[in-house]
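Thanks for coming. I will go through one model this morning, with the sequence and coordinates on the screen.

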Amino acid sequence: MSQAIKSEYLKIRVDSDLKNALLALASRRGETMADVCRKALLDATQKGVLTDGEDAIVKIVRNCLRDVLKPTEERLAKINAKAAIASGTAMWMNMQVLSEAGYDAQEVYTKARKKAVAQLQERESEAL
């Protein structure tokens with residue numbers, strides 16, 4: 001023997017346009033307006049729960065990715081810092097040697113930098 005589901009009474013107010021739209025929909029479907037309202041409320045509630053669930057899943061995935069990628073990110077930052085220090089040291093040494101050899105180190109640096117930028121731009125356009 002199946003048990004009847006106890007239903008609750010819910011009274012809401014709607015404007016006349018919404019009421020007319022609900023009546024028209026109920027008429028087209030051959031349902032009562034109460035059935036149309038129940039289905040609409042159930043659908044909206046389920047979609048809300050699904051959206052809330054998706055938000056929770058996205059948050060969990062982001063946290064997991066952050067935890068997994070953090071050590072790699074920190075390692076790359078350390079490597080980048082070491083590369084920047086090595087680059088700065090090499091640049092200073094080159095400028096020092098050029099100056100001691102009697103060259104205008106700033107002029108040589110400026111020309112070299114312009115050539116490097118042009119070469120990188122050329123390679124970038126070739127890659128496209």
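**Salt bridges, shape and surface**

I start with Glu107 and Lys111, which both sit in helix H3, 4 residues apart, or about one turn of the helix. Helices here (H or I, at least four residues) and strands (E, at least two) are DSSP runs, numbered from the N terminus. Glu107 makes a salt bridge with Lys111, and the closest N and O atoms are 3.3 Å apart. By salt bridge I mean a side-chain nitrogen of Lys or Arg within 4 Å of a carboxyl oxygen of Asp or Glu. Salt bridges that share partners also join Arg29, Glu31 and Lys39 into one network.

Before I go on, the ground rules. This is a predicted model, where local features need pLDDT of at least 70 and side-chain atom pairs count only at pLDDT 80 or more, while totals for chains, interfaces and linings use all residues. Residues are numbered from 1 along each chain as its sequence is written, and side-chain values use heavy atoms, with hydrogens and water left out.

On confidence: pLDDT is the predictor's confidence in each residue, from 0 to 100. The chain has a mean pLDDT of 89, and 95% of its residues reach 70 or more. Confidence is highest in helix H1 (residues 16–29), at 94, and lowest in helix H3 (residues 105–127), at a mean of 89.

Now the overall shape. How many helices and strands does the chain have? There are 3 helices and 0 strands, and along the sequence the pattern is α-α-α. The radius of gyration is 35 Å, well over the 14 Å that the globule rule gives for 128 residues, so the chain is more spread out than a compact globule. That radius is taken over C-alpha atoms, and the globule rule is 2.2 Å times the number of residues to the power 0.38. Along the principal axes, the C-alpha atoms fill a box of roughly 100 × 35 × 30 Å.

Two pairs give a sense of those distances. Ser99, in helix H2, is 72 residues from Ser27 in sequence and 92 Å from Ser27 in space, C-alpha to C-alpha. Asn80 is also placed in helix H2, and its C-alpha atom is separated by 67 Å from that of Arg28, 52 residues apart along the chain.

On to burial. Buried means under 20% relative accessible area, exposed means over 50%, and partly exposed is in between, with a 1.4 Å probe and protein chains only. Of the 128 residues, 3% count as buried. The accessible surface comes to about 11900 Å², of which 59% belongs to carbon and sulfur atoms. Areas come from the Shrake-Rupley method with a 1.4 Å probe, and for residues only the protein chains shown count as cover.

The structure holds 6 salt bridges. In general, side chains of opposite charge can pair when their charged atoms come close. Glu31 and Lys39 form one of these bridges, with the closest N and O atoms 2.5 Å apart. Glu31 is partly exposed at 23%, and Lys39 is partly exposed at 44%. Another bridge joins Lys70 and Glu74, where the closest N and O atoms are 3.8 Å apart. Both lie in helix H2 (residues 33–100), 4 residues apart, about one turn of the helix. Lys70 is partly exposed at 43%, and Glu74 is partly exposed at 41%. Glu107, from the pair I opened with, is partly exposed at 41%.

What about disulfides, meaning pairs of cysteine sulfur atoms within 2.5 Å? The structure holds 0. Cys37 is partly exposed at 26%, and Cys64 is partly exposed at 45%.

Last, the nonpolar surface. Which residues make the patch of about 470 Å²? Leu10, Ile12, Val14, Leu18 and Leu41 make it. Patches are made of residues with over 30% relative accessible area and no salt bridge; like charges are joined within 9 Å, and nonpolar side chains (Val, Leu, Ile, Met, Phe, Trp, Tyr) within 5 Å. Leu10 lies in the segment before H1 and is exposed, with a relative accessible area of 62%.

That is the end of my part.

How values were computed:
A disulfide is a pair of cysteine sulfur atoms within 2.5 Å.
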